[in-house]
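Please keep the sequence and the structure in view while reading.

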Amino acid sequence: MSKKILLVLGSLLILSIFSTLAIAQETVTKTTTTTKKEVVQNPDGSWTVIEYPVNKEVVVQLTPTANFKGTGTAHIIRAADGTAVNLDLSGMPADMSKVYVYAVAPTGAASLLGPLDVVNGVASQSFSTPLNQFMLVLSPVENMNTFDTSSAVSLTSALPTGYAVVPRAVTSSEGSKQVATTEAVGSAYEVPLLNVPSFGDKTAEIRINFKGALSGLKGKAYIDNSKSGAKQIKMRFDDMKMAPKEKKLVLWASSPDGKYIKLGQVINSGKRQESEIRSETSLNDFGLFVTVEDNDVEQPTSTVYSVFGTGD
């Protein structure tokens, strides 16, 4: 009689173990599936954004899209002050005289590096970009703002051997402020934190040195850290006539984890000498930078930008 009881108990114990293992396996499977869904990129393999190393030349092959003839090579070198892109194309269509070169950031935003003249199917030119994470896209379209599978594209950069693809960023909103986050990668712009807590309860004044297309424009930011909670930010632009006309000057906050928050923008209409942006952020510490945009954007896209620093 005792043997039968032991056999029954043993059978129940075995069933319990198998049931527990099945549940655990199901949980692991579900967790793995969820993790895979976090990576967002073009399913056809046309998404080839990578992070370029500092002071190392990376040779990237340019791949033609369907029904397009032509090949090319890009020699890309990232330095502390920006990234140089040296392009060489050959075998382009005989009737093509111009193609537009874009750097596509992890957010999918396409920044125009410039037009490239094609003569007898051949072209060669150098460009520069402040981005350190991007892919190259050559298109017959002059005003492409975002790259996706429906974009009109002639050539795209292939994935170099030994490099991993930077997943496409996920965009979300926090209230009325738009935030762009890149998963598992750093910020596309190198923006130093201002160490805001060190300002104490006083209003700090920080100057910005504009360069490139913004040379001659003057600006100051005032950060009020006296109240608990949100930090008050006021940005003043002087000599607005030095800014590109009808362009949008956008002020961004960069968080320690690489998120961008749009604080506001001004436009040089040619009628005002001064302009001002007033905003606030709940970030405890952040960096500030300015981009010049052609359109209303939810994340920085331009190749012209200036960064605030406590030493400026």
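A salt bridge is a side-chain nitrogen of Lys or Arg within 4 Å of a carboxyl oxygen of Asp or Glu. Arg207 and Glu205 form such a bridge, with their closest N and O atoms 3.6 Å apart. The structure is a predicted model, and by this rule it has 6 salt bridges.

**Confidence of the model**

- The chain has a mean pLDDT of 77, and 75% of its residues reach 70 or more.
- Over residues 171-187 the pLDDT is below 50, although this stretch has 43 contacts in the model beyond near neighbours in sequence.
- Residues 23-41 also have a pLDDT under 50, and the model has 10 contacts for them beyond four places in sequence.
- Where pLDDT is low, the predicted coordinates should not be read in detail.

- Arg207 is partly exposed, with a relative accessible area of 41%, and Glu205 is partly exposed at 41%.
- Glu51 forms a salt bridge with Arg78, in which the closest N and O atoms are 3.8 Å apart.
- This pair links distant parts of the chain, since Glu51 belongs to strand E1 and Arg78 to strand E3 (residues 71-79), 27 residues apart.
- Glu51 is partly exposed at 38% relative accessibility, whereas Arg78 counts as buried at 10% because buried means under 20%.
- Lys98 and Asp117 meet through their side chains in a salt bridge of 2.7 Å, N to O.
- Lys98 lies in strand E5 (residues 98-104) and Asp117 in strand E6, 19 residues apart, and the pair links distant parts of the chain.
- Lys98 is partly exposed at 34% relative accessibility, and Asp117 is partly exposed at 46%.

**Aromatic rings**

- The whole structure contains 2 aromatic pairs.
- Tyr52 is in the loop between strand E1 (50-51) and strand E2 (57-64), while Phe134 is in strand E8 (residues 133-139), 82 residues apart.
- Tyr52 is buried, with a relative accessible area of 2%, and Phe134 is buried at 0%.
- The rings of Tyr260 and Phe289 have centres 5.7 Å apart and planes at 65 degrees, so this pair is edge-to-face.
- Tyr260 lies in strand E16 (residues 260-267) and Phe289 in strand E18 (residues 287-293), so the pair ties together parts 29 residues apart in sequence.
- Both Tyr260 and Phe289 are buried.
- The charged end of Lys234 sits over the ring of Tyr222, 5.3 Å from the ring centre.

**Surroundings of Phe127**

- Phe127 is placed in strand E7 and counts as buried at 9% relative accessibility.
- Beyond residues up to four places away in sequence, Phe127 touches several residues, including Thr83, Val85, Leu87, Val101 and Leu113.
- Phe127 and Val85 are 42 residues apart in sequence, yet 5.0 Å apart in space from C-alpha to C-alpha.

**Backbone angles**

- Most residues other than glycine have a negative phi.
- Asn120 has a positive phi of about 55 degrees although it is not a glycine.
- Asn120 is in the loop between strand E6 (110-117) and strand E7 (123-129) and is exposed, with a relative accessible area of 76%.
- Asn195 also has a positive phi, near 55 degrees.
- Asn195 lies in the loop between strand E11 (177-181) and strand E12 (203-209), and is partly exposed at 42% relative accessibility.

Technical notes. Residues are numbered from 1 along each chain as its sequence is written. This is a predicted model: local features need pLDDT of at least 70, side-chain atom pairs count only at pLDDT 80 or more; totals for chains, interfaces and linings use all residues. Side-chain values use heavy atoms; hydrogens and water are left out. Helices (H or I, at least four residues) and strands (E, at least two) are DSSP runs, numbered from the N terminus. Buried means under 20% relative accessible area, exposed over 50%, partly exposed in between (1.4 Å probe, protein chains only). pLDDT is the predictor's confidence in each residue, from 0 to 100. Contact means heavy atoms within 4.5 Å. Rings of Phe, Tyr and Trp (its six-membered ring) pair if their centres lie within 6.5 Å; planes under 30 degrees apart count as stacked, over 60 as edge-to-face and the rest as tilted. A charge sits over a ring if NZ of Lys or CZ of Arg is within 6 Å of the ring centre and within 35 degrees of the ring normal.
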